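Hi,

Here is the structure I promised to pass on.

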Amino acid sequence: MSDWAAYVRERLHVGGLRPECEAEIVEEIARQLEDAYEDALRRGLGEKEAQADAAAHITDWDALAAELRESPAGRMPALDLLVERAADRRGAQQGMVGLVAGIWRDFLYGLRLLAKNRGFATAAILTMALGIGANTAIFSVINAVMLRPLPAKNPSRLVLLGWRTTARYRPNLRMLKFYGACSMEGFGLGPEGHVESAVYSGCSFSEPFFHEIERANILSGAGAFVDLGTTYLSGIGSATTADAEAVSGSFFHILGVKAAAGRLLEPSDNTPSAAPVAVLSYGYWQSAFGGSRDAIGRGIQLQGLPFTIVGVTEAGYTGITPGSDYNLWVPLSDYARVMGWPPGRRQDDPREWLLTIIGRLKPGERRAQAQAAVSGLFGNQMLHGATPLFIDAESGRAPSVASRALASSGGEPELTITPAQSGLMGYRGLYANPLYLLMAAVGTVLLIACVNVAGLMLARANARQKEMAVRLALGAGRRRVVRQLLTESVTLSLFGGALGVLFAYGGAHAILSFVGNAQLAAVGSRGPIHLRVLGFTAVDPRILGFTLVVSLFTGILFGLAPAFRNARVDFTPALKEGSRGATNSAHAVGKWLTLGNGLVVGQVALAVIVLVGAGLLVRTLSNLRDVNLGFDAHHVLSFGVRTPPGLNGRQWEVLNQELERRLAEMPGVQSATNNTWWRLLMGVARSTLFHWPGTPADERSEADELKVGPNFFSTMRIPLLAGQVFSASDFELAATDEGAKPSQTPVPVIVNQKFVEQFVRKGNPLGVRFGEHGPTSHGPASPGYEVIGVVGNARLSGPRERMRPLIYEPSRGSFFELRTAADPRSIVPALRRAVAKVDPDIALFDVTTESAQINQLLFRERLMARLSGFFGLLAMALACIGLYGLLSYETSQRTHEIGIRMAIGAQPEGVLWLILRQGAALAIAGAAVGIGVALGVTRYLGSVLYGVRADDPLTLLGAAIVLTLVALAACYIPAQRAMRIDPVAALRSE
């Protein structure tokens with residue numbers, strides 16, 4: 001066709017526009033039709049077919065004219081759509097470059113639309129920012145605690161050696177040492193106390209087995225480490241304590257850790273004849289030596305033994321186990337000397353399982369290959385050697401086959417090799433489940449936010465039906481419409497993600513502040529999570545990558561429903577409707593409201609799930625705080641002391657008594673006592689086996705054991721129920737028993753009420769003797785114990801501890817407790833002066849209050865309760881906003897209907913009830929669905945709950961009722977607005 005402009009003027013009758021504007025529109029449309037015509041000719045169509053193909057791009061000229069007339073100054077999006085369509089044709093010819101250019105145009109067009117709808121854009125972006133920000137904040141903590149790479153070169157090639165067996169095969173070991181390096185299944189305490197397990201696993205091995213691994217050359221290298229605990233350090237000024245670790249000579253080389261000064265440990269250092277040397281951490285070098293290089297070559301004393309500082313590790317390395325914070329490292333060969341082992345006890349004994357072993361895979365080697373090779377050593381050298389290290393509990397013999405898999409061998413011990421990144425646990429074992437539960441909670445909040453924005457976009461989609469109809473009328477494909485709408489939703493989400501990073505930054509630092517406050521409650525002790533592992537930075541690639549992925553995913557998620565709905569619009573009737581987009585089709589309105597109602601019900605259900613989880617965690621914290629510990633933890637200062645090594649038993653007794661006297665005489669101190677083995681509230685009780693009278697000779701009973709000093713029960717305010725407390729003669733007898741020639745007099749002990757209930761039952765416990773035995777392979781004969789008193793039950797290991805039988809023995813220890821008249825922290829300076837007067841070489845450590853220790857014990861529960869409570873409130877707010885938005889939109893769409901109702905006599909109260917009824921129905925339906933889902937989901941909280949069941953009906957109903965009431969309050973605003981509708985104005989508006 002030679003004159004497309006004439007063709008357009010003949011059919012397009014706009015009217016009401018300026019002549020120059022109308023001419024511009026005609027020229028633009030004619031140009032687009034000309035492009036379509038020429039494109040059809042290039043595709044091989046004849047002239048008439050090409051004309052028909054181009055003309056088919058615009059089918060409803062009247063609708064197009066109406067839209068152009070209603071646009072201000074004639075600048076109607078329809079004109080932009082024609083331009084876009086031509087650009088899309090050119091982009092299709094350009095392939096991927098054209099696709100990217102088309103998406104960029106969609107993005108710019110979406111920005112223009114958002115700028116024109118600032119209210120909608122603000123609400124959607126803020127909603128997404130809250131959801132994405134909450135997820136990013138929690139992910140930043142998970143990234144720091146769970147996902148941070150190990151401080152080693154190429155950590156993906158590092159592996160951890162472990163073992164696994166069933167309870168049928170008991171270890172035949174002298175010592176099995178573990179300190180949180182890995183998950184030790186079957187050992188330790190669970191939520192309700194001691195746990196019996198059908199499967200046992202660990203990662204402790206003997207030194208001979210480690211040397212076998214080194215010699216076998218199965219791995220490209222192997223290293224071993226073992227914790228030395230809090231050690232006495234002198235030679236750098238005032239005596240102090242340091243957290244130390246013993247490592248093999250190849251340890252730092254295997255990790256790829258570099259020296260910041262001097263050198264690190266080498267294999268030649270790890271021999272008995274080598275000079276004792278030590279390596280400092282970078283942070284300790286800075287704090288203790290001011291970063292001076294003069295520290296290299298300087299001598300120090302560790303537990304009274306001389307060591308020479310030879311180097312400093314690179315900045316940031318404080319230990320391979322996540323959360324570890326060591327000050328120095330010494331060669332593995334010095335472990336026994338530092339720990340003060342007696343001469344007859346050998347470090348190279350195969351029954352001393354002390355070491356955690358890590359290795360680096362050879363290039364191209366797989367874990368399965370290394371495991372098969374190392375399992376042979378484990379079976380041949382360790383299980384079937386001269387001294388079998390696992391014994392069949394039924395036959396009393398060693399397992400017949402050690403290298404077969406558990407599933408096929410009935411549970412014989414086997415060796416495992418796991419990636420060190422996931423195998424080394426540290427504090428991860430304590431915080432893994434809580435953090436993942438919180439991630440699930442904030443994920444649910446994000447889903448609520450997506451549903452909320454989807455509802456907003458559905459409402460907006462109804463107002464944009466005519467725009468979509470014009471697009472389709474002008475020839476746009478439905479996939480093209482979907483792409484445009486998804487681009488708009490992703491744009492919204494990206495803006496929300498960008499703002500969410502700011503929210504996440506504030507949220508992560510709020511968590512960090514909470515952790516810091518929890519630590520500052522103690523006086524000089526470290527908290528359960530070191531502050532350095534919770535650092536958050538907005539430029540962390542992992543966090544930014546997570547935010548970007550979440551933004552894109554959520555943008556697509558909440559944009560799908562409105563995109564496909566608008567792509568399915570029937571443009572012919574849509575173009576014939578009034579300009580206000582009134583929904584004359586009851587079917588269309590009902591269809592939208594059905595989808596909108598479903599979204600609101602989904603939001604309420606998800607909010608109920610989050611609220612139920614938060615309620616269970618808050619009740620857990622409340623139950624733990626209300627636990628009766630059996631002693632008074634208020635106004636009690638606790639601390640440990642390390643005395644100069646080399647003191648004999650008598651010297652230690654004299655020094656300890658002098659400490660007790662000086663501490664008790666301090667102003668503000670009401671009483672002083674001490675205990676040994678483990679700090680109150682912060683340790684695991686030590687158990688002891690004994691023979692109870694009247695039971696078979698080979699049967700052993702078990703109870704916890706704690707050695708306590710004078711005035712322990714009065715200081716801790718544990719009530720004496722029967723008998724008497726320890727006297728001075730009892731402590732003299734205990735000191736004799738701990739010497740070279742123990743007496744043959746039974747040890748006087750005090751037992752708790754649980755011990756009486758389990759063993760003595762209804763008899764008189766006072767004077768009862770138990771635990772006598774003759775000489776054994778483990779030691780000489782023992783006269784056993786004699787009960788001299790009974791005290792009340794006390795949970796000395798913490799509020800989660802299950803009450804167990806406990807035996808108190810008289811002995812002076814190195815952990816002190818002072819009961820004060822005022823705030824215990826106020827006497828800390830005087831405490832240090834008093835200790836220094838007794839002996840300036842006494843080092844204090846872990847100075848804190850018993851109340852602070854309880855707060856630290858409940859830190860995980862407090863963190864979970866606080867965060868889950870916040871996220872629960874956020875979920876409830878978002879769900880109620882969604883319900884409010886739906887009812888507000890429906891009220892505006894039903895203005896004509898409500899006007900008719902009121903015109904024929906409906907009362908305002910009836911209109912109020914009409915809107916409230918729908919809101920209540922949606923809220924109740926959502927609450928019912930949420931309760932049903934919560935019953936299945938909350939069972940995964942069982943491991944962290946205390947004193948409340950996962951299906952607690954009070955929590956379930958309480959969360960549903962609270963959310964329903966708040967939802968009704970949100971419904972009241974649009975309902976009240978509906979009451980004030982003027983019938984005359986409502987009828988005229990249509």
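Aromatic pairs come to 34 in this structure, which is a predicted model. One of them is Phe-690 with Phe-755, a tilted pair with 6.1 Å from centre to centre and 40° between the planes. That pair ties together distant parts of the chain, as Phe-690 belongs to strand 20 (residues 686–690) and Phe-755 to helix 24 (residues 753–760), 65 residues apart. Phe-690 and Phe-755 are both buried.

Another pair to look up is Phe-712 with Phe-713, and this one is edge-to-face: the centres are 5.5 Å apart and the planes make an angle of 85°. Again, both Phe-712 and Phe-713 are buried. There is also an aromatic cluster, made up of Phe-225, Phe-251, Phe-252, Tyr-317, Tyr-326 and Trp-329.

Rings meet charges here too. Arg-345 sits over the face of Trp-341, 4.0 Å from the ring centre. Likewise, Arg-812 is over the face of Phe-731, with 5.2 Å to the ring centre.

Now for the cysteines. How many disulfides does the count come to? The count is one disulfide, and it is formed by Cys-182 and Cys-203, with 2.1 Å between the sulfur atoms. The torsion about their S-S bond is about -105°, so this disulfide is left-handed. It links distant parts of the chain: Cys-182 is in the loop between strand 3 (175–176) and strand 4 (189–190), while Cys-203 is in the loop between strand 6 (199–202) and strand 7 (205–206), and the two are 21 residues apart. Cys-182 has a relative accessible area of 9%, so it is buried. Cys-203 is buried as well, at 2%.

Cys-880 is buried, with a relative accessible area of 7%, and Cys-971 counts as buried at 0%.

A few other spots are worth a click. Gly-359 is part of strand 15 (residues 352–360). Its relative accessible area is 0%, so Gly-359 is buried. Which residues does Gly-359 touch, leaving aside its neighbours within four places in sequence? Gly-359 is in contact with Arg-157, Leu-158, Val-159, Leu-219, Gly-221 and Ala-222. If you want a distance to check on screen, Gly-359 and Ile-417 are 9.5 Å apart from C-alpha to C-alpha, and 58 residues apart in sequence.

Then there is Thr-318, placed in the loop between strand 13 (305–313) and strand 14 (328–331). Is Thr-318 buried or exposed? Thr-318 has a relative accessible area of 15%, and since the cut-off for buried is under 20%, Thr-318 is buried. The side chain of Thr-318 reaches the backbone oxygen of Ser-324, at 2.9 Å.

Last, turn to helix 3 (residues 47–55), where Ala-50, Ala-54 and Ala-55 are buried. Looking down the axis of helix 3, you will find its buried residues within an arc of 130°, so they line one face of the helix.

Cheers

Definitions and conventions
Residues are numbered from 1 along each chain as its sequence is written. This is a predicted model: local features need pLDDT of at least 70, side-chain atom pairs count only at pLDDT 80 or more; totals for chains, interfaces and linings use all residues. Side-chain values use heavy atoms; hydrogens and water are left out. Helices (H or I, at least four residues) and strands (E, at least two) are DSSP runs, numbered from the N terminus. Buried means under 20% relative accessible area, exposed over 50%, partly exposed in between (1.4 Å probe, protein chains only). A polar contact is a pair of N or O atoms within 3.5 Å; within protein, one must be able to donate a hydrogen and the other to accept it, and residues adjacent in sequence count only if both atoms are side-chain atoms. The arc is that of the directions from the helix axis to the C-beta atoms. A disulfide is a pair of cysteine sulfur atoms within 2.5 Å. Contact means heavy atoms within 4.5 Å. Rings of Phe, Tyr and Trp (its six-membered ring) pair if their centres lie within 6.5 Å; planes under 30 degrees apart count as stacked, over 60 as edge-to-face and the rest as tilted. A charge sits over a ring if NZ of Lys or CZ of Arg is within 6 Å of the ring centre and within 35 degrees of the ring normal.
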